[in-house]
Amino acid sequence: MEEVIKVGMADLNICKAPNIITTLGLGSCIGLTFYDPVTKIGGMVHYMLPDSTQVRNNGNIAKFADTGIRELLKRVLAAGASKQRLVAKIAGGAKMFEGSGLSNVGNIGARNAEAAKVILRGLGIRLIAEDTGLNYGRTVELHCDTGDFYIKAVGKPIKII
Amino acid sequence: MGKFSLEEVNNMYVDVLREIGNIGAGNATTAIASMLGNKIDMKVPNVKLMEVSNLGSAICAEEDTIVGIFLEVQNDIEGSMMFLLDLESGHYMVNKLMGKAPDCQDDFDEMDLSALKEIGNIIAASYLSALASLTGLVISPSIPFIAVDMAASILSVPAIQFGQFGDNALMIQTEIIGDFAINGYFILMPEQDSYDKILTSLGIAM
């Protein structure tokens, strides 16, 4: 029986086949996964904000795209994944309240998704799939035996990317 | 300056928010009662200071569907606020307001969402006017926005807002008791400057 590893908000962890790593109810946050299809080692970070350097209180590295993605990379490589084979997928970055946008949280979802792309490009890791934006929450699962990324939303069919 | 420690300031802020919550609830009671057509009582039993990363499961399980009503706040205070209801309470209110069968659990249609927005609007506005009169600040709320989705997704919005300057978020629980007990939650999300302004206006200075 496979084990399900849960990643909370501002949290990260790694996972090996046949296990599943999940995060529940992504809103404007991003769930980013790394996966090495040969060793079947994966990992997920659930970050909240795009840039730790813009925030005074930045102690929790999993809270930010820049520090969280780098830490996750370090952890999957330490577990035995190969950087050349690693692929990334992202989900989340929704705008939960359509039409709002006066405050700077309004477009944070889009900024979070953009941050992933910039950082991955800098690290030289391919982003092979994404399901971001729009106005609904997502629960995501990375199945480490296949690398499939399951996306569940309220009132919508399950999507696999 | 340097009169109180951060912890003391936080404790005072929580007390003040609870009091504002009580006054706001008092203001909202009449309006909500006449909309629902029965006598109700509103209380603020609890103000919770919690870690941002635990906010997603603060009300119920992360994936349970809840109703979130969101307003942006402008003028002397910049920021936003949110009113949250569990799905059962949302259905109860919609069924009452729209004259549906009491056990109707159908997905909300446009009219239902509009009714829920109005409830959130009344409650939020009552709360904001209590805050405005205590602080003497001018606070203007935007029109309400609504989302019916997983609790953790909706709560990611305040989590991110608070996450920008700290690791804690404040949540004000509200109980509406009529022929049915409704549990609602408020979250006030001032920007950092506005937070300082609220404290200063209340005579709490660091």
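User: What covers the buried residues of helix 2 of chain A?

Analyst: Cover is read from contacts: two residues are in contact if their C-beta atoms, placed from the backbone, lie within 7 Å. A residue is buried if 20 or more other C-beta atoms lie within 10 Å of its own, exposed if 12 or fewer, and partly exposed in between. Here the cover includes strand 4 (30-36), helix 1 (65-78), strand 6 and strand 7 (126-132) of chain A, together with helix 4 of chain B. This is a predicted model, in which local features need pLDDT of at least 70 and side-chain atom pairs count only at pLDDT 80 or more, while totals for chains, interfaces and linings use all residues. Residues are numbered from 1 along each chain as its sequence is written, and chains are lettered from A and ligands numbered from 1 in the order in which they are written.

User: Which residues of helix 2 of chain A are buried?

Analyst: An α-helix has 3.6 residues a turn, so residues three or four places apart point the same way. In helix 2 of chain A, the buried residues are Ile108(A), Gly109(A), Asn112(A), Ala113(A), Ala115(A), Ala116(A), Ile119(A) and Leu120(A). These residues lie on the same side of helix 2 of chain A because they cover an arc of only 155° around the axis, the arc being that of the directions from the helix axis to the C-beta atoms. Arg121(A) and Gly122(A), on the other side, are exposed. Just after the helix, Gly124(A) has a positive phi of about 75°.

User: What should the 16 residues of helix 2 of chain A span?

Analyst: The expected span is 1.5 Å times one less than the number of residues. For helix 2 (residues 108-123) of chain A this comes to 22 Å, and the end C-alpha atoms are 22 Å apart, which agrees.

User: How many helices and strands does the secondary structure of chain A come to?

Analyst: Helices (H or I, at least four residues) and strands (E, at least two) are DSSP runs, numbered from the N terminus. Chain A has two helices and 10 strands. Their order from the N terminus is β-β-β-β-β-α-β-α-β-β-β-β. Of its 161 residues, 50% count as buried. Among contacts in chain A between residues at least 6 apart in sequence, 62% join residues at least 24 apart. Along its principal axes the C-alpha trace of chain A spans about 45 × 35 × 25 Å.

User: Strand 3 of chain A pairs with which strand in the parallel sense?

Analyst: Two strands pair if DSSP finds at least two bridges between them. Strand 1 (residues 4-6) of chain A is the parallel partner, over three bridges, and Val4(A) has Ile20(A) as its bridge partner in strand 3. Strand 3 of chain A is also joined by five bridges to strand 8 (residues 138-143) of chain A, in the antiparallel sense; there Leu26(A) stands opposite Arg138(A). Strand 3 (residues 20-26) of chain A is mostly covered, with five of its seven residues buried.

User: Which residues does Val87(A) touch, not counting those up to four places away in sequence?

Analyst: Val87(A) touches Tyr35(A), Arg126(A) and Ile128(A). Val87(A) lies in strand 6 (residues 87-92) of chain A. It counts as partly exposed because it has 17 C-beta neighbours inside 10 Å. The C-alpha atoms of Val87(A) and Leu120(A), 33 residues apart along the chain, are separated by 9.7 Å.

User: Where is the place of Pro18(A)?

Analyst: Pro18(A) is in the loop between strand 2 (11-16) and strand 3 of chain A. The bond joining it to Ala17(A) is a cis peptide bond, with omega about 5°.

User: Which residue other than glycine has a phi near 55°?

Analyst: Lys40(A) has that positive value. Lys40(A) is in the loop between strand 4 and strand 5 (41-47) of chain A, and counts as partly exposed, with 18 C-beta neighbours inside 10 Å. In chain B, Asn75(B) has a positive phi of about 90° although it is not a glycine. Asn75(B) is found in strand 2 of chain B and is exposed, with 12 other C-beta atoms within 10 Å.

User: How many residues of chain B are in contact with chain A?

Analyst: On chain B there are 29, in contact with 30 residues of chain A. Strand 2 (65-75), strand 3 (79-86), strand 5 (145-150) and helix 4 (151-163) of chain B each give two or more residues to that side of chain B. Helix 4 of chain B gives the largest share, 10 residues.
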